[in-house]
Structures are given as C-alpha cells and as structure tokens.
Amino acid sequence: MHIIPVIDLKDGLVVAARQGKRQTYRPLATPLCPEADILAVSRAYLSVFPFRTFYIADLNALENNGNNHALISRLLEAYSGISLWIDSGLEPFIDENSRRFRGRVSNILGSETGITLEQLDNYTRKSNCILSLDYTDKRFLGNMDLLEQPALLPQRVIIMSLGRVGCSTGPDLEQIGDLMDKLRGKQVYAAGGVRNTGDLRLLAAHGVHGALLASSLHNRRITSEHLVQLQGT
C-alpha cells in the first residue's frame, strides 16, 4: 500500500481540508503539527515515516486566484529526495527557474475541472500526469466520457471522495468497488475518509494500490508503528 501524505495550500499557508468545502478551510493546527507552514508540515510527516511522495493541492490555482508555486519550489529545494503530485487545475506547476525539478513532479488532472478526453490526451503526451476522478456524495464531477472510456485514461488514477475528506467516515468502499472493474490494469489510489490501518487493509483487499492521507496522520490514528507494520505485511 503506497501511502501519500496530503498538503493543501491556500494563500501561502497549509490548510485543513474538509468535505471539499474550500471556502471553510482554515490554517492547519493539529497534534502532529501546530504550524501552517509547508516546511513544518513536511517535517512533521517525515517524522512519522520516510515518505517519498507528497500530494499537494494548490487551492489558489484550482480557484483561478493566483498560485503557490514559489512555496512548492521551496519544498522541492528543501527535500531533494521527495517527489510531488501537484493538483493545480489545468495550469500545471511549472518551475520558472529552468525545470530543475524534472522527474520529481507529476501533475494531477482533476475531473472536476471538466477536462475532456482530448485535453487529457494532450496533457499526458507532454508530461507524467495522473487523473483524479472526483466525487461528492457519490455524484461524479466531470465529463462522463472519462468513465466510459477507461482505456484512454493515464496509468495512475485517484478516486477522490471529496465529501469524506477530513471526516472520520471511512473510505467509500462501495464506490471504489464499482470503479475497480472499469479501472482494471490501472494503479488506483483512494482519497477521502481513511481512518486507520483497518481501512487501508480493506482498500488493499479491493485491489487499491495506494491511499492519500492527511487527517489520520495529523490526529495520530495512523502512527509510525502502524506504517512500519503495514509495509511488513
């Protein structure tokens, strides 16, 4: 099970995401990390486990209200061994200083942007992209063609249950189970609702390759010991 910690950025700070209601997000302050600084949050995550990949949601870019690219560059500079999955809408992260992070950044393309199969093909031809299939209350956000032609999707796909983000409700196993047959042969990642290692084991039993986590790490329901045990099974 590939575990990827999540960092949500808004107006230069790390914020606590909940149910995809971005207007309500507030600066992060948790038992794991009392600071809303991107480097402090990254250090806190790495104190739990030697994660190799972080997921970054640039909420300003997603809302067409600027971006946090400079902060993201700071993180890449501070931790040379870390790779990032970056969701910044249809304006992918670009390093203004020469592409020195080549090979360490994968761009997320969210279905909520309304991206079409043709646009998806154009992006994936140019870079190493990942598709996020976004749902809220089981309602798919995006172009239905993405679900009807799964063979044309990138190799890595996230099932994003926005309504469960930041909530201790468990992953949407029914939704995930319904999609796994369509996504056969893809590396599928689950996001939203994961509470503990029991949930991670259930996801693995459904054939899920990995999971995106934030709340369960910040509230210490998933600890270093849990992750070490998980990797050993």
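Ala44 is buried at 9% relative accessibility, and Ala44 belongs to helix 1. The model is predicted, with a mean pLDDT of 91 for the protein and 97% of residues at 70 or more.

- Not counting residues up to four places away in sequence, Ala44 touches Leu32 and Cys33.
- Ala44 and Arg26 are separated by 18 residues in sequence, and their C-alpha atoms are 18 Å apart.
- Ala44 counts as buried because its relative accessibility of 9% falls under the 20% cut-off.

- Helix 3 spans residues 69–78, and its buried residues are His69, Leu71, Ile72, Ser73, Leu75 and Leu76.

**Crossing of helix 1 and helix 3**

- The axes of helix 1 and helix 3 come within 10 Å and cross at roughly 40°.
- Helix 1 is therefore oblique to helix 3.
- The crossing of the two helices is right-handed.

**Aromatic pairs**

- Four aromatic pairs are found in a search of the whole structure.
- One of them joins Phe49 and Phe51, with 5.3 Å between the ring centres and 55° between the planes, a tilted arrangement.
- Phe51 has a relative accessible area of 3% and is buried.
- Another tilted pair is Tyr135 with Phe140, at 5.2 Å centre to centre and 55° between the planes.
- Both partners of this second pair are buried: Tyr135 has a relative accessible area of 5%, and Phe140 is at 12% relative accessibility.

**Positive phi in loops**

- Most residues other than glycine have a negative phi.
- Asn64 has a positive phi, near 55°, although Asn64 is not a glycine.
- Asn64 sits in the loop between helix 2 (59–62) and helix 3, and Asn64 is exposed at 71% relative accessibility.
- Asp137 is also a residue other than glycine with a positive phi, in this case near 50°.
- Asp137 lies in the loop between strand 7 (129–136) and strand 8 (139–141).
- With a relative accessible area of 72%, Asp137 is exposed.

**Ala17**

- Ala17 is placed in the loop between strand 2 and strand 3 (26–27), and Ala17 is buried at 15% relative accessibility.
- Leaving out residues up to four places away in sequence, Ala17 touches Asp8, Tyr25, Val165 and Gly166.
- Ala17 and Leu203 are 186 residues apart in sequence, with 22 Å between their C-alpha atoms.

**Ile159**

- Ile159 is part of strand 9 (residues 156–161) and is buried, with 1% relative accessibility.
- Apart from neighbours within four places in sequence, Ile159 is in contact with Leu133, Ile176, Leu179, Leu183, Val188, Tyr189, Ala190 and Ala191.
- From Ile159 to Ala211 the C-alpha separation is 9.4 Å, across 52 residues of sequence.

Note on methods. Residues are numbered from 1 along each chain as its sequence is written. This is a predicted model: local features need pLDDT of at least 70, side-chain atom pairs count only at pLDDT 80 or more; totals for chains, interfaces and linings use all residues. Side-chain values use heavy atoms; hydrogens and water are left out. Buried means under 20% relative accessible area, exposed over 50%, partly exposed in between (1.4 Å probe, protein chains only). Helices (H or I, at least four residues) and strands (E, at least two) are DSSP runs, numbered from the N terminus. pLDDT is the predictor's confidence in each residue, from 0 to 100. Rings of Phe, Tyr and Trp (its six-membered ring) pair if their centres lie within 6.5 Å; planes under 30 degrees apart count as stacked, over 60 as edge-to-face and the rest as tilted. Axes are lines fitted to C-alpha atoms, for helices over the stretch in contact, and angles run from 0 to 180 degrees between N-to-C directions. Angles under 35 degrees count as roughly parallel, over 145 as roughly antiparallel, 65 to 115 as roughly perpendicular and the rest as oblique. A crossing is left-handed if the near helix is turned anticlockwise from the far one by less than a right angle, and right-handed if clockwise. Contact means heavy atoms within 4.5 Å.
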